[in-house]
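I opened my notebook to look at one structure, piece by piece. Here is what I wrote down along the way.

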Amino acid sequence: MCGIVGYIGHREAYPIILKGLKRLEYRGYDSAGIALYDGCDIKLSKTKGKVVDLEDKLLKEIPTVGSLGIGHTRWATHGVPNDVNSHPHYSNSGNLVIIHNGIIENYESLKTELKNRGYSFKSDTDTEVLINLIEDVMKNDNLKLGKAVQIALNQVVGAYAIAVFDKNKPNEIVVAKLGSPLAIGIGDDEFFIASDASPFIEYTKNAIYLEDEEMAIVRRGKDLKIRKIKDDSLVDPYIQELQINLEQIEKGGYDHFMLKEIYEQPSAIKDTYRGRMLVNEAIIKLAGVEDNMKKFLNADRIIIVACGTSWHAGLVAEYIFEDLARIPVEVEYASEFRYRNPVINEKDLVIAISQSGETADTLAAIKLAKSKGAFVFGVCNVVGSSIARETNAGAYTHAGPEIGVASTKAFTTQITILTLIALRLARAKGTISSSDFRLYLMELEMIPEKVIKALESEEHIKKIAEIYKTTRNFLYLGRGYNFPVALEGALKLKEISYIHAEGYPAAEMKHGPIALIDENMPIAVIATKKGHYEKVVSNIQEIKSRKGKIIGIVTEGDVSVRELADHVIEVPETLEALSPLLTTIPLQLLSYHIAVMLGKNVDQPRNLAKSVTVE
Ligand code: M6R
């Protein structure tokens, strides 16, 4: 995720763009840049770091004059966050400049073709490839910018929201969208461009949200024309009157970042498998795994190190790696692993999981494992983070920035990438048949739609939250793949509502926790159809006999649990190994709504921080 802003009109562009970037920083904040047309030339300044760092640097580097400009705040995907990889990017001639939010998946082949035609590249980004492709089309066919953008985008595979201008035509900005958002604010003889409406809400309430595969040329003092990128047909612009206030927009219309992030899971999961899983070809391609396949295949065992929610994702991975790839797995709290004297050597493969990539204990565990000769593979969300740099190889989740302290989309995207790795290894080892492999890919591809379906239970979950919001204790039970989900459900409730909650494997209940059960104890039981369904139903009967209050997380259409439970929340059916991606959704919503009803600070719970960079 990145934020893009642009302005063309009669005001000074710089203050509008700078303020707009600050509002869009939730979309990414590892680097930022602004390009202004000063009346003769393009003046550009960019830097690694936040928008405030850019502000300091830019004021020393360039004049802030001009009524046309574009700006970008980056959340790196291709290329580590540094000054060079920051946007905007020039074309080779220096005439064109671009900002881009999204991923150009076929950038490597385009880059090779452009290199063969004499283009050179300063950055590692896919965006610099796109601007040079546009320039190439423009030069070869002697076209205007708008037409060249259209032709170039028809050669591109991936997602984009872009804004481009040409210093030789300084009265227009060309914008286009596919997959990433792009809003155009319409003022009096002026246009605003942004990833969402927050950068221009105080200037105009009139906005157009471009649809996928649409482009527009915004011209100073002229009417806006929108076209379809594919067939050049004109589109009637639909101008919306914005009903929202600034506060809402910054959270994308949600009351809290946590809720927004819960709802981002369908797209975050898709972004994580996109380009890595080719369902029709039945292929999984993960560069970090392919390049180190021997290490994976020769490993005696896999040791997973992580903390908190990432540790729970590791537990899910333990089931799937052993189940599908038949590799022994141990899952360790990084904080324990680093301080005992683990038996570990060069035949071990360590997977470190971390959303932030900055967790001190996980970082220390990685260093320890490396010092003992193990190969360490990282699963991180934040590009260029310390853990991403310290590990020998890795794969990023593409969850986008997670701002709410309670991890939600980080968890499901970690499970997604770990599932891809397990499946890839299972294929390489021959421990999965080609038909099962294909079935997994097809089911995984359907998960985002099924998450959307699971999210539809929110109103029903709110009613359950209302009933249990004053309880002081909560139990969460699950078996097999859903035991870690029980732990994660309990953690979510604890950290944002401060209600004491414990997660247990359902069968462990009778070895102690069953003593806690009476009519005042709510127990969330994950009882989906696949796996150990009958056994979990027996556990539910044991709770029922002791008058516990049962909230069953069940597969759509379930009958048996419905007869026993006080409440049921349905999730769509899927393969057992993929069920945590669905069963975790109602538990996130339950803890969210209980915390909101209790008036807690959901996004910044007490005593916690988003990344724990100290021991
Ligand atoms: O950034 P990491 O994934 O390394 O963070 C690990 C834990 O600190 C984190 O998952 C924490 O438990 C979350 N607040 C849970 O919601």
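My entries follow, starting with a sheet and ending with the ligand.

Entry 1: I am working with a predicted model. I looked up an open sheet of 7 strands and found the order 5-6-7-8-12-13-14, with antiparallel pairing. Strand 5 (89–90) and strand 14 (234–235) stand at the edges; each has a single partner strand, so one side of each is left without a neighbour in the sheet. A reminder to myself: strands of a sheet pair through backbone hydrogen bonds, either parallel or antiparallel.

Entry 2: I then picked strand 12 (residues 214–219) and strand 13 (residues 225–228), which pair in the antiparallel sense over 4 bridges. Which residue of strand 13 is the bridge partner of Met 215? I found that it is Arg 227.

**Entry 3: a helix on the sheet.** Helix 5 (residues 145–153) packs on this sheet. I noted that helix 5 touches strands 6, 7, 8, 12 and 13, and that its direction makes about 160° with that of strand 7.

**Entry 4: around the ligand.** I turned to the ligand, which 15 residues surround; Ser 310, Ser 354, Ser 356, Thr 359 and Glu 495 are the closest. By class, I listed 5 nonpolar, 8 polar and 2 charged residues in the shell. Helix 11 (308–325) and helix 18 (483–497) each supply at least two residues of that shell.

Entry 5: An N or O atom in the side chain of Ser 356 is 2.6 Å from a ligand oxygen atom. With Ser 407, a backbone N or O atom lies 2.8 Å from an oxygen atom of the ligand; with Thr 309, I noted 3.0 Å, again for a backbone N or O atom and a ligand oxygen. How much of the ligand's accessible area does the protein cover? I wrote down 92% of the 410 Å² that the ligand has on its own.

Definitions and conventions
Residues are numbered from 1 along each chain as its sequence is written. This is a predicted model: local features need pLDDT of at least 70, side-chain atom pairs count only at pLDDT 80 or more; totals for chains, interfaces and linings use all residues. Side-chain values use heavy atoms; hydrogens and water are left out. Two strands pair if DSSP finds at least two bridges between them. Contact means heavy atoms within 4.5 Å. Axes are lines fitted to C-alpha atoms, for helices over the stretch in contact, and angles run from 0 to 180 degrees between N-to-C directions. A residue is near a molecule or strand if one of its heavy atoms lies within 4 Å of it. A polar contact is a pair of N or O atoms within 3.5 Å; within protein, one must be able to donate a hydrogen and the other to accept it, and residues adjacent in sequence count only if both atoms are side-chain atoms. Accessible areas come from the Shrake-Rupley method with a 1.4 Å probe; for residues, only the protein chains shown count as cover. Ala, Val, Leu, Ile, Met, Phe, Trp, Tyr, Cys and Pro count as nonpolar, Asp, Glu, Lys and Arg as charged, and the others, Gly among them, as polar.
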